[in-house]
Amino acid sequence: MARIVRKKPFIRKRPCQFCLSKSPVTYVDYKNEEVLSKLVNLQGKILSSRITGTCAKHQRAVSLAIKRARFVAILPYLGTVKREKKVQEVKEEAKKVESVQSTNN
């Protein structure tokens with residue numbers, strides 16, 4: 001009896017987010033926490049290029065940037081740190097406090 005071999009379905013590879021930007025990225029900045037936190041999973045591990053879609057050139061730059069950010073304590077080594085408030089929320093709260101104080105005086 002012949003064995004039936006099934007082909008794997010074609011899955012389109014995700015394009016590199018750094019190559020597709022309007023100005024192609026040559027340096028992945030380790031201080032950009034928003035971008036780097038998307039490339040790390042909940043346990044703090046660096047996601048593979050197969051999952052994120054980054055090309056080999058940028059994956060090496062991303063891993064180096066994440067390691068530098070960990071060393072300088074921008075990103076945690078283990079797990080994720082929940083930021084309580086973003087910068088815009090803090091500014092909005094400061095404006096509300098100032099307006100309340102000015103009305104009280």
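This is a predicted model: local features need pLDDT of at least 70, side-chain atom pairs count only at pLDDT 80 or more; totals for chains, interfaces and linings use all residues.
1. The protein chain has five helices and zero strands. Read from the N terminus, its elements run α-α-α-α-α.

2. Of the chain's 105 residues, 18% count as buried. The accessible surface of the chain comes to about 9,500 Å², and carbon and sulfur atoms account for 57% of that surface. Among contacts between residues at least 6 apart in sequence, 60% join residues at least 24 apart.

3. Helix 4 has 16 residues, which at 1.5 Å a residue should span 22 Å; the end C-alpha atoms of helix 4 are 23 Å apart, in agreement with that value.

4. The buried residues in helix 4 are His58, Gln59, Val62, Ser63, Ala65, Ile66, Ala69 and Arg70. Viewed down the axis of helix 4, these buried residues fall within an arc of 165°, so they line one face of the helix. Their cover includes helix 1 (17-20), helix 2 (33-38) and helix 3 (49-52). Ala56, Lys57, Arg60 and Phe71 are exposed on the other side of helix 4.

5. Valine 72 lies in the loop between helix 4 (56-71) and helix 5 (87-104). Alanine 73, which follows helix 4, has a positive phi, near 70°.

Terms used. Residues are numbered from 1 along each chain as its sequence is written. Side-chain values use heavy atoms; hydrogens and water are left out. Helices (H or I, at least four residues) and strands (E, at least two) are DSSP runs, numbered from the N terminus. Buried means under 20% relative accessible area, exposed over 50%, partly exposed in between (1.4 Å probe, protein chains only). Contact means heavy atoms within 4.5 Å. Accessible areas come from the Shrake-Rupley method with a 1.4 Å probe; for residues, only the protein chains shown count as cover. The expected span of a helix is 1.5 Å times one less than its number of residues. The arc is that of the directions from the helix axis to the C-beta atoms.
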